[in-house]
Amino acid sequence: MGCKGPRPGVAVTIAEAINTGEAQLAPTGVEDPRLNAELLLSHVLGRKPLELRLAREVGIPLQSLGRYRALLDSRATRRPLQYVTGLQEFMGLTFEVTPEALVPRLDTEVLVEALLARARQLPDAPIIADIGTGTAVIALTLAHSLPHARLYATDCSPAALALARRNADTLGLAARVSFACGDLLAPLHHWRLEGQVHVLAANLPYIPSGEIDQLAPEVSVHEPRLALDGGPDGLRLIRRLLQGAPAFLRPGGAVGLEIGHDQAEAVCAVLSGADWRDVEVLKDLDGNDRVVMARRPTQQ
Ligand SMILES: C[S@@+](CC[C@H](N)C(=O)[O-])C[C@H]1O[C@@H](n2cnc3c(N)ncnc32)[C@H](O)[C@@H]1O
């Protein structure tokens, strides 16, 4: 059922538009269709959802109504809300998002908070690398919060890197963040970062290949496989990263990884098979294991 147009001479109110939007999205299986309709209308009108709730009987300009209906049609295909609006907030910053990169997740804030805590104990100008940067949400949030840090960000997807660079420009952080395309840590050789990095961050693909098709269509159909697929057990890229990371970390340098909720034991086993110290597992807001932090020995 489509969102109906206005009857001649009768303005569609905010309340009516949200009701018809909810009715269009509900049968498609979108989670919380009313909230989705509210967020889309609030995006179109440039007003906060709370403002809409306080202005329920206000009429909507016809042009805005047309735009709202187009966005509803797009969301009804189960395209993620953030790809429909093109935006996602992360730790107070606004990021452009496109289907070329993963939609930044709230879970990733756990990793960024842990990295910030480590980086704040470091000298004035820490060197930080973000591997598999996507939208650059990790690199740019760290650059924003650590005004003296120097950031290096890599991704093997040229399209994701183009988006990352746009986000760096928009947020006014491009001067302190370098981007390069390549496989995992390979671009760090180009920057001559061997033994130089204080903190290495990575939210690499960690979903087991066989589980991707069971996820919601927002993820399995619309997000890039390259950003999801972690190989047969989900850890293919994380293992490779941990193998190569010591060559780039300073003595005492830290690595911080986002992981799947059931991967902490396996990742800790990889770390315990090599010379890593202070291994720590952090939980997300739902109480699931989400981040592993570890450190190189200070004497090597
Ligand atoms: C899970 S997404 C994370 C994106 C972003 N860091 C975030 O937290 O939202 C993983 C990213 O790793 C990139 N990637 C996948 N395989 C890679 C590889 N071998 N080398 C470098 N980047 C890779 C993907 O293109 C994708 O952008």
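A polar side-chain atom of Asp155 sits 2.6 Å from an oxygen atom of the ligand, a polar contact (a pair of N or O atoms within 3.5 Å). The model is predicted: local features need pLDDT of at least 70, side-chain atom pairs count only at pLDDT 80 or more, and totals for chains, interfaces and linings use all residues. Residues are numbered from 1 along each chain as its sequence is written, and side-chain values use heavy atoms, with hydrogens and water left out.

**Ligand site**
- The ligand is surrounded by 19 residues, each with a heavy atom within 4 Å of it.
- Gly132, Asp155, Asp183, Leu184 and Asn203 are the closest.
- A backbone N or O atom of Leu184 is 2.8 Å from a nitrogen atom of the ligand.
- A polar backbone atom of Thr133 is 3.3 Å from a ligand nitrogen atom.
- Alone, the ligand exposes 600 Å², and the protein buries 96% of that (Shrake-Rupley method, 1.4 Å probe).
- The shell holds ten nonpolar, seven polar and two charged residues; Asp, Glu, Lys and Arg count as charged, Ala, Val, Leu, Ile, Met, Phe, Trp, Tyr, Cys and Pro as nonpolar, and the others, Gly among them, as polar.

**Domains**
- The domain assignment, automatic or from a database, gives domain 1 (14-77) and domain 2 (87-295).
- Their centres, taken over C-alpha atoms, are 34 Å apart.

**Second largest pocket**
- On a 1 Å grid over the protein atoms alone, a pocket is an open set of points where a 1.4 Å probe fits, with protein on both sides within 12 Å along at least five of seven lines; lining residues have an atom within 4 Å of a point.
- The lining includes Leu39, His43, Gln82 and Glu89.
- Domain 1 and domain 2 each give at least three residues to this lining.
- By class, the lining has four nonpolar, six polar and one charged.

Note on methods: A polar contact is a pair of N or O atoms within 3.5 Å; within protein, one must be able to donate a hydrogen and the other to accept it, and residues adjacent in sequence count only if both atoms are side-chain atoms.
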